[in-house]
Amino acid sequence: KLWQIVALIGANLFITLLFSSRWWLILRATGYRVPYLTLAGYRLAGFAVSYFTPGTQFGGEPLQVYLLEKRQGIPTEAALASVTLDKLFELLANFTFLIIGIIFILQGGLLAGLAEPRAVLWSSSLLALPLLYLLALLAGRFPLSWLVLRLPSRWKDRPLGKRITALATSTEQQIFCL
């Protein structure tokens, strides 16, 4: 029926717009005021790029950073920090949901023969990576910067390596300051 199609389109539009709310709040918390609908458009553009690239979780984030930087005049570090933090919270929510699902499946005995304790521990620890990264940032530790600084000198001493090192450090520091 027509009213059902209209309701479905309306619900999808509402949810699509809702996806940008966390990112919008992060940007506002850092002092950058981007119109909500503009940001929702950037998020949709990111979804479009992600749709056409391998993997379903990543792909459009560089475009989101680019659009914030070029169209809104937000510094690269701040744009990257906002997109990273938004993606980190998204992954944290997704992985939490997956862990809860794994627990329910194991408790139900659906995978009794396959649920070796070590496999569960490894999968849970991999799923906890976004949480561990966020906790490290909250504690004033910068894991990505630490890793970049340990790259071989032949890579990190080049101009591109220096830019990546500076960008990683300043981005993590901005996330820490939030």
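At what angle do the axes of helix H7 (residues 129–138) and H10 cross, and within what distance do they come? They cross at roughly 80° and come within 8 Å. An axis here is a line fitted to C-alpha atoms, for helices over the stretch in contact, and angles run from 0 to 180 degrees between N-to-C directions. H7 and H10 are therefore roughly perpendicular to each other. On the scale used, 65 to 115 degrees counts as roughly perpendicular, under 35 as roughly parallel, over 145 as roughly antiparallel, and the rest as oblique. Tyr133, Leu137 and Leu138 of H7 make the contact with Glu172, Ile175 and Phe176 of H10, where contact means heavy atoms within 4.5 Å. By class, the contact has five nonpolar residues, no polar and one charged. Nonpolar covers Ala, Val, Leu, Ile, Met, Phe, Trp, Tyr, Cys and Pro; charged covers Asp, Glu, Lys and Arg; the others, Gly among them, are polar.

Before going on, the basis. This is a predicted model, in which local features need pLDDT of at least 70 and side-chain atom pairs count only at pLDDT 80 or more, while totals for chains, interfaces and linings use all residues. Residues are numbered from 1 along each chain as its sequence is written, and side-chain values use heavy atoms, with hydrogens and water left out.

Now the chain as a whole. The protein chain has ten helices and zero strands. Both are DSSP runs numbered from the N terminus, helices being H or I with at least four residues and strands E with at least two. The C-alpha atoms fill a box of roughly 50 × 50 × 30 Å along the principal axes. Of the 178 residues, 25% are buried. Buried means under 20% relative accessible area, exposed over 50%, and partly exposed in between, with a 1.4 Å probe and protein chains only. Among contacts with a separation of 6 or more, 60% join residues 24 or more positions apart.

Ser20 sits in the loop between helix H1 (2–18) and H2. Is Ser20 buried or exposed? Ser20 counts as buried, because its relative accessibility is 0%. Not counting residues up to four places away in sequence, Ser20 touches Tyr36, Leu39, Ala40 and Arg43.

Helix H2 (residues 21–29) and helix H3 (residues 36–52) have axes that come within 10 Å and cross at roughly 120°. H2 and H3 are therefore oblique to each other. Their crossing is right-handed, meaning that the near helix is turned clockwise from the far one by less than a right angle, anticlockwise being left-handed. From H2, Ser21, Arg22, Trp23, Trp24 and Leu27 meet Tyr36, Leu39, Tyr42 and Arg43 of H3. These contact residues divide into six nonpolar, one polar and two charged.

H3 also packs on H4, at an angle of about 145° with the axes 9 Å apart. This crossing too is right-handed. On the H3 side are Thr38, Leu39, Tyr42, Arg43, Ala45, Gly46 and Val49, meeting Leu63, Gln64, Leu67, Leu68, Arg71 and Gln72 in H4.

A nonpolar core is a set of buried Ala, Val, Leu, Ile, Met, Phe, Trp, Tyr and Cys residues joined through side-chain atoms within 4.5 Å. The largest has twelve residues, including Trp23, Leu27, Leu39, Tyr42, Leu67, Leu68 and Val83. H2, H3, helix H4 (61–72) and helix H5 (76–107) each give two or more residues to this core. Another core lies apart from it, with nine residues, among them Ile26, Leu85, Tyr133 and Ile175.

Tyr66 lies in helix H4 and counts as partly exposed at 45% relative accessibility. Its C-alpha atom is separated by 11 Å from that of Ala78, twelve residues apart along the chain.

Leu167 is in helix H10 (residues 159–177) and is partly exposed, with a relative accessible area of 26%. Leu167 and Glu77 are 90 residues apart in sequence, but 6.3 Å apart in space, C-alpha to C-alpha. Leaving aside neighbours within four places in sequence, Leu167 is in contact with Thr76, Glu77 and Leu80.
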